[in-house]
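Biologist: Let's go through the labels on this model. I will ask what stands behind each one.

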Amino acid sequence: NFLLTGRLASRQILGRMDKCSSTAFVRQRSVSWDGCDVSDLYVDVKDLCGLPKGTKVPSLVDLEALRTCAVCLVAVALSSLAWVTVEWWCSALSMGNLPLYASALVMATMLLRGVPSVLGAVLLPPSAPRPTRPFQQQCPLKAGAARPRPPRCVLLVFNPSSGTRKAKVAAEMVKERLQSVGVRVEEFETKYVGHARYIADSVRSDHDAVVVVGGDGTLHEVINGLHGTELPVAIVPAGTGNGLATSLMKADAGSSKQSEHGVDWAVRQLICGSILKMDRLDVAAGRRRFDGAGLVYFGLCAEVDIVAEPLRFMGSMRFDVAAVCQLLKLKAMGPTTIEAVLGDGSTKTLSGPFLAIYVGNSQYWTDKMRAVPGAVLDDGNMELIVIKVTCRTELLRGFLLLESGAHVLDRVSCECIETLKVRSASFTFWDSAHKKPASGFFNVDGEIFRHEGYVRIGCHYQAQPIFAGSVL
């Protein structure tokens, strides 16, 4: 009886534990969607004064930068002292200049170690992977197939402040071109950050599509504003990065119009009515959820937008300058745990400090940087890139090869840049003592958000209709 009573009690306890764990799992899965109300998570890089007290904000000149400069100055001073000392001993012992030249060669080897590797990436870079079509779906406009009809009425959303502030001019061009073929166009000009998240209030039942004129950030707001709808979106690249738009334009594999203007490309997709479905990211920061178009960054890659803001006068070059400066600091993110579900269903845990992390399905990070040549926009998977902390020259070589995607074929770069195909990934960012989660910043489609130490990113399979893929 005693044994029977013990077994029954243990079964009851285990049943309660299973029930509690399943309840916790359901609660985690049922986190409310907040894509139109994330103002408390959003970080305005132009006004960082409103951040909570104690928030560490990355900057171009900080303690790490001063420390790096001090180390360089000390290295130069010690090298000069060693040179003078060896020269004095050579003259005192009448040994000639051979020891002097030998010591100079040793010092140069120590100081310039790894420089040939960096120069090789510039002068003789490895071949880049062949261009691949970022869609598994076939173009709907095959020979002999029924021609899709173009939209009859569209809502034109444009952000006059995006990129080089030419979005309004591009919007006028799109409007003229569409009206010339009989498409009714209604305009929606964003007045402030986050305005496009409320686009659902302006969408009517007779709208066949939404045309977004702006950068990745404007597209991010529109996708969240259209959450739960099946309204297709057309993108006219008019921002600074335009990474996702460039990936979509490269979907015209085999087209002779690879160099056409973004406005011409977008109008051609609309007129042809070519609609494909791409995956949409599901981003959960703690108890808050919102959608992502295709690009999420942590660490160095997320801090670049904040650091580069004072350098806006340099145009898109400011991101390169800021990235190199942050890279030379070699400042790691801190203890980080990544729990990823791989494309084959297995799981993998990564621990680090890491220098930077990327999750997304866009081949291009900017209109020129094809950092993820194997990414596909509609396969239900994402690309997870982890940049490890190693010596500066290896990292610099890897970053130089990121532009063409040649890093995936380079042995040295693969040692510090690891790429995985994942279905979902959970990130826990710890404090220096690895005792409790630490808050920080992350970048979603060019928009900066705060997190409290935990972020989960999933992928909705072919959830976003988009105009792309026409080769006519």
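**Labels and their cut-offs**

Modeller: Start with strand S12 (residues 417-429), which runs antiparallel to S15 and is joined to S15 by four bridges. In S15, valine 455 is the bridge partner of phenylalanine 427. The model is predicted: local features need pLDDT of at least 70, side-chain atom pairs count only at pLDDT 80 or more, and totals for chains, interfaces and linings use all residues. Residues are numbered from 1 along each chain as its sequence is written, and side-chain values use heavy atoms, with hydrogens and water left out.

Biologist: What makes S6 and S15 a pair of strands?

Modeller: Two strands pair if DSSP finds at least two bridges between them. Strand S6 (residues 275-285) and strand S15 (residues 454-467) are joined by 10 bridges, so they pair. They run antiparallel. Methionine 278 stands opposite glutamine 464 in S15.

Biologist: How do you know that H10 has the expected span for a helix?

Modeller: The expected span is 1.5 Å times one less than the number of residues. Helix H10 (residues 317-329) has 13 residues, for which 18 Å is expected. H10 reaches 19 Å from its first C-alpha to its last, close to that value.

Biologist: Which residues of H10 are called buried?

Modeller: Arg318, Ala322, Ala323, Gln326, Leu327 and Lys329. Buried means under 20% relative accessible area (exposed is over 50%, partly exposed in between; 1.4 Å probe, protein chains only). These residues cover an arc of only 160° around the axis, so they sit on the same side of H10. The arc is taken from the directions from the helix axis to the C-beta atoms.

Biologist: Why are H9 and H10 called oblique?

Modeller: Helix H9 (residues 300-308) and H10 pack at an angle of about 120°, with their axes 9 Å apart. Angles under 35 degrees count as roughly parallel, over 145 as roughly antiparallel, 65 to 115 as roughly perpendicular and the rest as oblique. H9 and H10 are therefore oblique to each other.

Biologist: What makes H6 mostly covered?

Modeller: In helix H6 (residues 216-225), 10 of its 10 residues are buried. Among them are Asp216, His220 and Glu221.

Biologist: Is aspartate 445 buried or exposed?

Modeller: Its relative accessible area is 1%, so aspartate 445 is buried. Aspartate 445 lies in the loop between strand S13 (440-444) and strand S14 (447-451).

Biologist: What stands out in the phi of aspartate 445?

Modeller: Most residues other than glycine have a negative phi. Aspartate 445 is not a glycine, yet has a positive phi of about 55°.

Definitions and conventions. Helix = DSSP H or I, 4+ residues; strand = E, 2+ residues; numbered from the N terminus. Axes fitted to C-alpha atoms, helices over the stretch in contact; angles between N-to-C directions.
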